[in-house]
Every structure is written in C-alpha cells, then in structure tokens.
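Dear colleague,

Please find below the sequence and structure that I am handing over to you. My notes on what was found follow directly after.

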Amino acid sequence: MDSICTPPDCEDIFAEEAGGPCWPRWLEGSRVPDAPRAAAYEATPAHLRAAVKTALALHHAHHGDTDVTACRDERFPRRGFRRTSAEGPAAHALVAFPASLRSPARLAAALMPAILAGVPLTGAFCIGGEPSPEVLVTLELAGVEDAFALAAGDFVRLTDELPRCRVVLLHGLDRAALPGRSRLPGRVWSEDALPLLLLPQADAVDAELLAFAHGPEIVANALRGADARAVLDGGTAPGDRLPAALLDGEGAARLAVAPGDMPVELLLTPGCEAFWLHPGLGPDFFRCHHRAFSLL
C-alpha cells in the first residue's frame, strides 16, 4: 500500500531559516534612517495612503498566505519508488530598484509575494541614490523594516555573500546601472519593460492617484480614449510593454470572461488603481523546493 509520512529529520531541513537569518554587518551602514520614512508617511495625503493599503489587502486576497514549511515522505511499493520532498521559504529576498522609482504599485507587487511566502528577511535596496518618498511610504505601509541605499558594487557583493537569495530587479537596473547584473547568484527575476496603461475612460480616472501609484512616466505614456479602446478590441499594443486597462467594474468583468485571446491580462477598476501584478512573480518564486527520488 502506498504511504505518506514525515521524514524524521524534517525539522532540520530549514534549520538555518528557522534559526533566524541575518544581514551582513557591513550592510547596516547603508540602512535608510527612520526619519525620512516617517516624513514621507506624514507628507502623503490620507487618500493616497488608503489606496496603497487597498492594494496590499488585494495582494493578500489574491496570493493568500503560503508561508508553510512542509516535509513529505512518500513510498510506492507497487511501483518500487520512494519520493521525499520538502519546501519552505528562502532565507532572503532582495528587491532592488533605481533611485528614480516612484511607483508604489510596482514596488508592492515585488515585495508582497516574498512577504506572503514567509521569507524571514525581505529587503528593499535602492541602487545608486536615495529612495523616493513614494517608495518610503510604501515600505512603511507594507511593514518592510529593512531598506537600504547601496552602490551597485555593494549590491553585487551582498548577493555574493547570500548565494541562495531570491533577487528581484525592477525596471531601470540595466547593465549600465548595475554592471554586475549578469553575475548575480541565486534566482533572479527582472522587470524588463514598464507597464502600458490603457485608459479608455480617461475622464473617469483620478489623475492624482494614478500618477502617485504608477509614477508620472507611466501615466504620461498611457494610451487614452480611442487608442486604448483599439488595443482592448484586439489591436496591437505599441512596444514590448505589458498592457493593463483601467475601466469600470462592469466593463472589466465583461472583458475578463470574453472568449478569445485578449491582449490585456490585468484589468483594474475604481478602487484598485494602486494594484499591480508582475507577470511570473508570485510567492512560489521565493520558496525553496527539494525533492529526492530513490528505489525501494
């Protein structure tokens, strides 16, 4: 009879993580002080902070909590095989971004999967300058305590010292901004293009909220009115950016279940403007999976 049990040494598989991973001591000199974070929070209007909180809650609802550590020993006597597996969060998640980042939506979309995956240490790393107020208020609301401002060389040094880390590189950290990018160890996910916002009902959009959530550059290059509707109707989006549409709830629901290959994967309705999903970046990226196969 096939059977499943817990391996006797299961509790030791993630002993390093369970014992409390830490950052290298030299990194403390680059930690972002509390004062700028508090100042950014106080300077951000309440309705904009509320929009980020809604986005964070949406991430919880969408991804759920996946911070389980599990071990499993399976034996299949009739087949003659044994499979032992274990999974748990990686010890470190490094979310890196340029000093020019001004998008709470995209930053939260990079941080929240790591947090929900149960990574003990999730750090935000501003490369080549100081983080913007939009970044600081997002970190404050998301509860990310570990924020650092680093030179590109120091970030590469950090990844060398944490070879099993998970690394997320947001747009703007190309080879010029991060010369050692190709040498980063561990698993690396990179945002290679900025989002393309489609605003078919441009007059109904809160311009201030949209610029705060996604950054002025993205909003300035959004497609509006007839140009946005043409993409939603099956037209080709310009460039290689992933389109996302902001429209009313009824229109979003209709398009989401429409047959055919719709060119837009993410549809956002009023109240969800500050939400974003990075394609291919979910909690599973930040988790370790080990499997062993043997003969009985």
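Strands S2 and S3

The pair above belongs to strand S2 (residues 70-76) and strand S3 (residues 81-89), which are joined in the antiparallel sense over 7 bridges. The two strands form a hairpin with 4 residues between them, and in this hairpin Gly-80 takes a positive phi near 85°. S3 also pairs with strand S13 (residues 287-295), again in the antiparallel sense, over 9 bridges. Ser-85 takes part here as well, with Arg-291 as its bridge partner in S13. In general, strands of a sheet pair through backbone hydrogen bonds, whether parallel or antiparallel.

The parallel sheet

Another set of strands forms an open sheet of 4 strands, ordered S10-S9-S11-S12, with parallel pairing. Its edge strands are S10 (223-224) and S12 (266-268), each of which pairs on one side only. Strand S11 (residues 243-246) runs parallel to S12, and 3 bridges join the two. Within this pairing, Ala-245 has Leu-267 of S12 as its bridge partner.

Salt bridges

The count of salt bridges comes to 12. One of them links Arg-37 with Glu-140, whose closest N and O atoms are 3.1 Å apart. Because Arg-37 lies in helix H2 (residues 34-43) and Glu-140 in helix H5 (residues 133-142), this pair ties together parts that are 103 residues apart in sequence.

The largest pocket

The largest pocket holds about 180 Å³ of space. It is lined by 13 residues, and those closest to its centre are Ser-100, Leu-101, Arg-102, Arg-106 and Glu-217.

Confidence in the model

The mean pLDDT of the protein chain is 87, and 88% of its residues reach 70 or more. Over residues 1-6, however, the pLDDT is below 50, and this stretch has 15 contacts in the model beyond near neighbours in sequence. Residues 11-18 likewise stay under 50 in pLDDT, and the model gives them 17 contacts beyond four places in sequence. Where pLDDT is low, the predicted coordinates should not be read in detail.

With kind regards

Definitions and conventions:
Residues are numbered from 1 along each chain as its sequence is written. This is a predicted model: local features need pLDDT of at least 70, side-chain atom pairs count only at pLDDT 80 or more; totals for chains, interfaces and linings use all residues. Side-chain values use heavy atoms; hydrogens and water are left out. pLDDT is the predictor's confidence in each residue, from 0 to 100. Contact means heavy atoms within 4.5 Å. On a 1 Å grid over the protein atoms alone, a cavity is a set of points where a 1.4 Å probe fits but cannot get out, and a pocket is an open set with protein on both sides within 12 Å along at least five of seven lines; lining residues have an atom within 4 Å of a point. Grid points are joined across faces, edges and corners, and a volume is the space filled by probe spheres set on the points. Two strands pair if DSSP finds at least two bridges between them. A salt bridge is a side-chain nitrogen of Lys or Arg within 4 Å of a carboxyl oxygen of Asp or Glu.
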